[in-house]
Each structure stands twice: as C-alpha cells, then as structure tokens.
Amino acid sequence: MALRVFCPRVMSPSALLLLLPLLLLAGVPLAAAATRPALWPLPVSVQQTPNLLYLSPVSFEITHGLDSSAGPDCFLLQDAFRRYHQYVFGYSENPDVSRMSSSVGTEIQKLLVVITSDSECNAYPNITSDESYKLVVQASVAVLEARKVWGALRGLETFSQLVYRDSYGAYVINETEVTDFPRFPFRGILIDTSRHYLPLKTILMTLDAMAFNKFNVLHWHIVDDNSFPYQSMAFPELSGKGAFSHAHVYTHTDIRHVLDYARLRGIRVIPEFDSPGHTNAWGKGQENLLTACYAGSQKTGFFGPVNPILNTTYDFLSTFFKEVSQVFPDNYIHLGGDEVDFSCWKSNPDVTKFMEEQGFGQSYEKLESYYIQKLVDIVSSTNKGNLVWQEVFDNKVKLNPQTTIVEVWKGSYYEKELSDVTAAGFATVLLSPWYLDYISYGQDWRRYYYVEPLQFSGTSTQKELVLGGTAALWGEYVDATNLMPRLWPRASAVGERLWSSKHVRDENDAYNRLTEHRCRMVRRGIPAEPLYVGYCEL
Amino acid sequence: MISLEHTGVLLLLTLLAVGTLAQTQVLEASVWPWPQNIRVSPNQTFALNPSLFHFQYSAASAVQPGCSVLDEAFVRYLRIIFGTGPWLSPDRPDLKITVKNSLDVLVAVPGCDLFPEMNSLENYTLTLSNQQFVLKSHTVWGALRGLETFSQLIGRSAEGMFYVNCTDIVDFPRFPHRGLLLDTSRHYLPLQTILETLDVMAYNKFNVFHWHIVDDPSFPYESVNFPELSRKGSYDPASHIYTMEDVKTVIEYARLRGIRVLAEFDTPGHTLSWGKGIPGLLTPCYSGSVPSGSYGPVNPILNRTYEFMASFFQEISDVFPDFYLHLGGDEVDFTCWQSNPDIQAFMKEKGFQNYEQLESFYIQKLLNIVSSYRKGYIVWQEVFDNDVKLSPDTVVHVWRETKPVPYAMEMKNITKAGYRVLLSSPWYLNRISYGQDWQKIYSVEPLDFEGSPEQESLVIGGEACMWGEFVDMTNLTPRLWPRAGAVAERLWSSKSVNDTKLAYARLANFRCELLRRGVQAQPLFVGFCEHDFYH
C-alpha cells in the first residue's frame, strides 16, 4: 500500500484533511470513518497513512519508555497518563462494541512516552520551556518523544485528538507521524476575578480547556476596583474588607490548588496586581493607601489611584509584593499600570505640592512614572521579571528591557504600538484583537483567527520580540454562569493562531476542525458553545 | 403604609429592627415582573416557620385538595421558598414578631385538569396582613401567578429566618400572550433543558412556550403517522428526537405551570429536513432543464402534498392541546419554484402573476386544513404581507425589524386590517452584543404605533425569541436569563413601569434569586450574589 505523506508545510492543511477520508474509504473498507481526527491547534507537521490501528479501552496503556529520563516517580506524567487515557476512552458508552471489533485489525497496545533530556518533572514551566515533541503512531507500540515533560503534555493532547471511533464504535487511529512545536512561547488566557468572583471549579475547568488548546499561560487578573478576593497573609484586611464577601475569597489553599493544577498541565500562572489605578478595592482594607480626592479644599470622601507620594505606600508595596513573589512561583508578576485617572491626583493639594517639589510641572505621567519606577524596583528586588500594560511604555516610564514585557491591549493602531514597543527593544505580548468579552452576533471566532500578530512594520529582530498573545475575558459581564461557553471555542481560534504555523489560516478548514474540536471539548465536560447549526456525536 | 400603586418607587428598602435579629436586614419589595398594584407596609413584618408553613385551600375555594395544578405548585413553592432545610429553630420568643404558618388559597372557579388558554384569567390578589394571609384568584392559573409573587416577597435573614412584610397586591397581566420561542431544529435541546426553561418561564410569569420544533436543519419531532420524518430528518434518530412521551411530558410540565405549548410546524419554506423522510414533498429545483438535485419549499402544485398535510396536521392537532398552532409561513424563497418547469406550467394554468400568489394558494389550502380540525392559527408576518386571504381570527406574528416597513408600522397595518398581532421584532434574544442590552429590550413599548384603541386592543402580546443558529444546551440558559426577564416585565406589568434605572436593581436582585433557585442566569453587570453559581 502506498504511503501517502501529507505535510502542512508543503500542502495546505485543508487538502490534508479533505484527502484523509477519501483515502480511508478507498483503502480500508472497514474504516468508514464516523469521525475523522480533527487536530486543534494544527501541528507543524502531520503525516498519516490510511492504515488503521485499533485501541482497546481495556488493555491500551500509556506508560514510560525504557530509555526515558522520567519514570513512575514523575507524578506530572503519571497524572497526565491517567487523564489522557480517560479523554481517549472516557465517554465510551459501550466498551463491548470496541472489544468486539478490536479483533478485526491490527492493535496498538501502548503509547510509550520518552523524555530525552532532563525531564523538569518537578519544575514549573517558564517562558523558555521546551514544548516540542515527536509522535510516531505505528503497530504495535506508539512512541511520543519529547525533551521535557512540557512537550510530552502537548504530545499527549495531540495523541488523544488523533483517536476516533469507526462506524462500529471501535477506537481507531491512523498510522501517523507528528512533529510539532509552538510558534510563540507565550499563549495566554486572561481571567478577571474582581468584577465577578470565579469559583475555584471554574478556574480549574478553564485550565483543563486551556490544555486542550495548548495554551500555556493563565493571566490571573485577580484584583481590581470592584473586589479584592486574594487573601493576603501579611494584609488579611485587604480581602477581609475588599472582597465581595467572606465567601468570595481565594485562600492560600485555593491558590496552591490552582498553581498545582496548572503546573500539571504545563500552564504558568501569572498573577496581576494592577496599580496604581484600578485599586479601589485595596483601599478598603489598607488605610491611606489610596489618594484622597478633593473638591476645592475639601476631601470628597472618594479615593483615586494609589497615593504615590507617601513612604508608607512603598513600605506596604514592598511587603505585599514580597509575599506575592513567594506565593506565585512564576518568574513574572504582572504589575498592571493601565488607565490611571489623573483627576484625583490633580485635586489633591499634597500631591500638587509634591509635584512642585519634584519638578514634575503639570505632567502627571511623570508622577505615574515615579510610582511605577519605584514599584518595578521593588519587584525586581524579588528577582522577578514583570509585565506591564502598554501605558507604562507609552508614558515613557524608564524600564529595563531585560526584565519588563510590555502588553499591548488598546484596540486602535496596535500594529503601530507593537512596532514602537519592539523598536525600543522590549519583548511584547498582544491582546488588542482578542478581547473576547466583546461579544457580537455570529461567528466572531473568524475575526480572532484572522489576526496575524507579526503583521506590523519592523525588523526580524523586532518580530522575535513578540512572545505571543493572550485572549482576554474581562469580567464586567462574565461570571461562573456564562464564562465557559463565552470563552470556548472562541479562545480556541487564538490558541491555533499562537501555536500553529503562520500559514495555517484556511478558515473553511479551520471551521471543520474547530467544530469537531468543540464537540470534543463538550464530551470532555467543557460547555463550549456551538460555532453554528449542527450537533455533536456523543 | 407606603403606597407603591404607581411605579415611581420600585425599591422599598426598609430597615428592619426587630428584637436582636435582623438589625441590618434589608427587605425589599423586589418582585419581577412588577405587580399592577402593590402596597407594602415595612413596619409590620411576619415570620414564616419553615417547618410548619404550608399552603392550604380555603374552605370557600372552588378547587380543593386533589387539584393537580395547585397540589403540585404548593409542593414546588415550599421548596423554592424554604429549600430542604435543615432550618434554625423558629422558636424565638424574644422576638416580637407574628409567626404565620399558612397561606390560604381561594380559587373562584373550578378547573384543575384543563389547559391554560389565550383567554384564561390570570389575575389574583395577595393579602398578607395580621387579619388574613390569603391568595385569591379567579382561576388556578391566577393562583400560580400569585404563588410566584408570594415566593418573591419572602426575605431571608443572615440567621436563616424567613420574613415577609405586610403586603397588599392586586395583580393581572397587561397582555394575555407572553411567549418565549425556543428553536430545537438548528440545535437539538435535551428534554431536561426545555423543562428547566419552563420553570424559569413560570418564575417570570411567561405563559406561552412557542416551540419552533422543526426547520431546515433537523426534524426532531417523532411523528406517529410519519415516523420517517424524524428517522431520516433528525440529527440522530437514536438520541436527537422528541418522542411522543417527551412531547407529552413537555405539555404536562408546562400545563402545571400555567404555560401553553404553541407548536410551530413552519411551511412551505424552512422545510428541508421534512424532505428527507417524505420523498416528493419538496419542490425539486432545476438548473436549466434538469433537476439540480437540491430542493426548495414544499411543492404546492401536487395533490399528495395536501393529503400529507391533512394527515400530518391532524396528528399535530391531536397531540398539541392548545387551540392555536403556529403555521410559520416566513421567508419563502421563490428561486426554486421559479426554476421548476412543472410549477411554471401550474402558474400559467392558474393565471398566477407572481409567486406570492402561489404561496397564497398553498397557505390558503393549509389554513383550510387546519381550520377543519377546529384549530386557530398564528402565522409569521409575510403571510399578511403577501396578501394571503386570512380568516379574521388569524393572529399575525411580527418579527421583521425594518422591512418591508418598520415594525411599528407593520403593527399598525395589521391591526388596521383587523387582525390580532404578536410582537417579536425587538426581542430576538439570540442577537447578542456587548453590555447591558436588556435595557433596549426593556424599553420597547408594544403599543407605540399610530392606531385607534380598537387597534391597540388587537395587540395580544409578544414573544422573546431564542433562535438556535448559535445556541444549544451549552449556552442557552445564561443567554436567555435574565435578558428574557426584560420582555416578561414589559408584557406583564403596567405600561408605566418603564424606568430602566429602577428596573436594574430589581432585575439584578431577581437574577440573584434565579441563581438561588439553581438557574444559570448571567450577571447584568459587576457584583456578586449571596448564592453565586457553582458548577
């Protein structure tokens, strides 16, 4: 039988996936594929033959290869093996059918996972984590090879997506070779737990769905004006007074749970503690932290951004961010810095006096820079890098390109912003076109999919500074009731844009694969909403 | 007594200071939809003892124990109000507060085994005072509405005590037809999803479930006479169909909540899925002189089409007890008819000048069939727009926003022609946008068109529509609630209840109450509920 090689790099992916069922029909009459494998995000290279291998839900196992640097003591992989066995077979209603038909063809008995370098089994993933893998599916043993556990996790996901059921209900997989690695190292989902509190279960489900889509960063916008659910050890009053209620907090146990759950899925957790704006909720539990606003010579009783002129402010921030840097293991902390409203600072006579003393004139950007500068120094002293929103760069705060990543979020002219930020030598992450909280009627996933993050004017050195992007689901109108269907599968479009090759952008092919991928998420318990008319096979 | 008879004051925030308890407890008269007349006395509060409290038939009531509708409603509302316990000890002799252990229910006319109808009276009065704790209504349907209102009046203290203020309510709906459309063809909705939606409809005092059950993409209705329709036309005949038992379950579940089930079998367009099970029913489209292999609307020129329709709609008339059937009639695409030489010949033979006349020919015959089964019918506006001859008791359903004319103009034209009308144009809830779109939905005034009082009286209500192109069980509930609540209040409450700012607090509160009842209703804006949603 002729081996047909399909490679997305030389052949359009749509052609690949269109050809596959035809070949199946022609080659192996038994395999009138009920569901063809729909890979999402599409790997860099996939080669498949029409030869079908059968998997028995009873005897198939995923286990460590003999020459792997990881073994049964690697809990991360053990847990992943268990998980993916369940994803492959978990929704089997009638395993008897599979067993019956598994005698018909060649069986694949196991998937061996081989880690070829130091496994990093007990580490946390970071920006340089190697996520590449190679998967060879053949009789009677398939092999998944990766340098690190992170690549193994991605390869397991791909393997699980390759398995489908034939018309008799048996589990089958084509002979396949996959070589894969991400296009961008930073592929994030932003959740906002301040506008609405999200229960732990919702966050964990989100991490599951992220892994199904090969996302690797949870950007946790944990506090904001509306509520302060983070329970601080050093300053328990922050959540004691700033949370919506005592039930609407994240304890350290909760946070440990999120961090572990994310790590086991190869996902980094980057907390954002946004300041000096977006801090109303901080003020409730931390007196004198915020600037008192004035009307004329009288205090209004309202508060503005963090008060940047007091030593007590920086004492507080030192202690607070020291704690945060210990609680969250990631190398980066997001410091926010967006949308600082200057009107309250302007109204405050003490701030005005301070401006004069410092010679800032009327430039409140300089005052903001003064604050951010001190904050960045505090955080740098904890040996953490930082992410900031684009205003910090726009307002010309002195930043160190070695430690700061600038996040581009504003909607208009984001190509220009990317160009400017990278020209100044900063690494950057793109969010602007991917504000998924902005909903509209119809198939808006196409708009997210269409985006090309490197389509801005700049040198190749500049383009290399684009680390990736983040799909943001801000919380004004989102809580646990509607988060899942609003995020998935719309965020999946961003997931493929950030993982797959630049040339993978055929919308019709994407529609077919994403429709099937969405059904797969539903079968795995994620209430992902439909792309359009139709139904899912259960 | 503070009078809230007019709607200026919606929120009655009253600080209760009763004994040591509820020092900061805030009780609101926060009812959704807002009653026609409500007086709340914050100075007099009653406690309800959850382990003793019950609903009882008043001796003078025309219905008594054994009345299915109310027997079940009593059980339901006890659970809604008090949950399943355990409750704190209600015996607090230190509290100077009257404890009430029952609500008397008095229904004026008998009838517990009937179905609600367009003309069923839903009015009720609710009197909660020292002298009496009584719910009076004309029919059992009115009693259901009153029980819902009662359940929304109950406050809960942090200590787990249940309270209600001295309250006097006289209430009735503004419009008799308050509907919600679900589309089970674009996506199949499991039975459970439909039943849960019926529950929430009852919380919102909706009274018509418009079941757009079949359409182009799939035919999930399992017909007794034509089982091939769902066997071949459903997404999956093993799992994605509504059996006769399912349909009966929906109808009875709805009846027990005072909700009519209005079935829509849309023809002659929107019927692609019908063709799979009934060969020859649809018009073969031509490309030049040869059939192209694709199909268009129902073939209106064949006798056997009408034989099928007669048999099919006889079944539908028997299965669905409501007097009305929705016959669709929207968006008929003429291109396929135009391409078909047999249709051309038929047109010539009949002397039809245009395809609207052919459509009218079909609809006319269909209406005659349905009329012969003693059913009334509702049709989408195109049937009126295309000058189909309609009997005067036809209900025309307005759904288009601006074409051929703005919907207010359409309402005017239809009522001027003497037909009753339903409004849906501004209430397509499947259309989503960023932000608080419930405000736009809420601000619609159905009678905002130029017409005489007689014309206005022909507006029998409206329907919120949740079309299914992008909606299935994964996202239906949060997309529907509380947005559909805005339509519910517009159709139930007085015309003067139309201030979105005042409505916001009540609707946000109602949404939290929905969460407490286990409904996955999405937030209006930032904030939290005491009983937030957990998976």
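These are legends for a set of close-up views of a predicted model.

**View 1. The two domains of chain B, side by side.**
Chain B splits into domain 1, residues 27-171, and domain 2, which is pieced together from 177-265, 300-332 and 374-504. Between the C-alpha centres of domain 1 of chain B and domain 2 of chain B you'd count 31 Å. Where they touch, domain 1 of chain B brings 26 residues and domain 2 of chain B brings 30. About 2400 Å² gets buried between this pair of domains, with carbon and sulfur atoms giving 58% of that area. On the domain 1 side of chain B, look for Trp32(B), Met118(B) and Arg145(B): these lose the most area to domain 2 of chain B, and together they make up 32% of what that side buries.

**View 2. Polar links across the domain boundary of chain B.**
How many salt bridges run between domain 1 of chain B and domain 2 of chain B? The count is 1. Elsewhere in the polar tally, 15 residue pairs are in polar contact across this interface, both partners being at pLDDT 80 or more. Two helices of chain B, H1 (68-82) and H2 (140-153), each supply at least two residues of the domain 1 side that touches domain 2. H2(B) gives the largest share of that side, 6 residues. Sorted by class, the domain 1 side of chain B facing domain 2 holds 14 nonpolar, 4 polar and 8 charged residues.

**View 3. Glu122(B) and Arg178(B) up close.**
The side chains of Glu122(B) and Arg178(B) meet here in a salt bridge, at 2.9 Å from N to O. Side chains of opposite charge can pair when their charged atoms come close.

**View 4. The annotated catalytic stretch of chain B.**
An unreviewed UniProt entry lists residues 175-494 of chain B as "domain: Glycoside hydrolase family 20 catalytic". Over this stretch, the chain is 40% helix and 19% strand. The C-alpha atoms at the ends of 175-494 in chain B are 10 Å apart.

**View 5. Two cis prolines in chain B.**
Start with the peptide bond from Lys403(B) to Pro404(B), which is cis with omega near 0°. Pro404(B) sits in the loop between strand S19 (395-398) and helix H12 (407-416) of chain B. Then move along to Trp481(B) and Pro482(B), which are also joined by a cis peptide bond, this one with omega about 5°. Pro482(B) is in the loop between helix H15 (476-480) and helix H16 (483-492) of chain B. For context, most peptide bonds are trans.

Most residues other than glycine have a negative phi. You'll find His278(A) in the loop between strand S11 (268-272) and helix H8 (280-285) of chain A.

**View 6. Where chain A meets chain B.**
Here 40 residues of chain A are in contact with 37 residues of chain B. The two chains bury about 3300 Å² between them, and carbon and sulfur atoms give 63% of it. From chain A, the residues that lose the most area to chain B are Tyr441(A), Tyr477(A) and Thr481(A), which together account for 25% of what that side buries.

The interface of chain A and chain B has 3 salt bridges. One of them pairs Glu529(A) with Arg479(B), their closest N and O atoms being 3.0 Å apart. In chain A, helices H5 (200-212), H17 (483-487) and H19 (507-523) each supply at least two residues of the side that touches chain B. The largest share, 3 residues, comes from H5(A). That side of chain A divides into 21 nonpolar, 11 polar and 8 charged residues.

Over all chains, the whole structure has 43 salt bridges. In this view, Arg187(A) forms one with Glu131(A), the closest N and O atoms lying 2.8 Å apart. The pair links distant parts of the chain, 56 residues apart. Arg187(A) belongs to strand S9 (residues 186-192) of chain A, while Glu131(A) is in the loop between strand S4 (110-115) and strand S5 (133-137) of chain A.

Terms used
Residues numbered from 1 in each chain as written. Chains lettered and ligands numbered in written order. Predicted model: local features only at pLDDT ≥ 70, side-chain atom pairs only at ≥ 80, totals over all residues. Heavy atoms only, no water. UniProt positions renumbered as here; feature names shortened; annotations may be inferred. Helix = DSSP H or I, 4+ residues; strand = E, 2+ residues; numbered from the N terminus. Domains from an automatic or database assignment. Contact = heavy atoms within 4.5 Å. Buried area = accessible area lost by both parts, 1.4 Å probe. Salt bridge = Lys/Arg side-chain N within 4 Å of Asp/Glu carboxyl O. Polar contact = N/O pair within 3.5 Å; in protein donor to acceptor, adjacent residues only side chain to side chain. Nonpolar A, V, L, I, M, F, W, Y, C, P; charged D, E, K, R; others polar.
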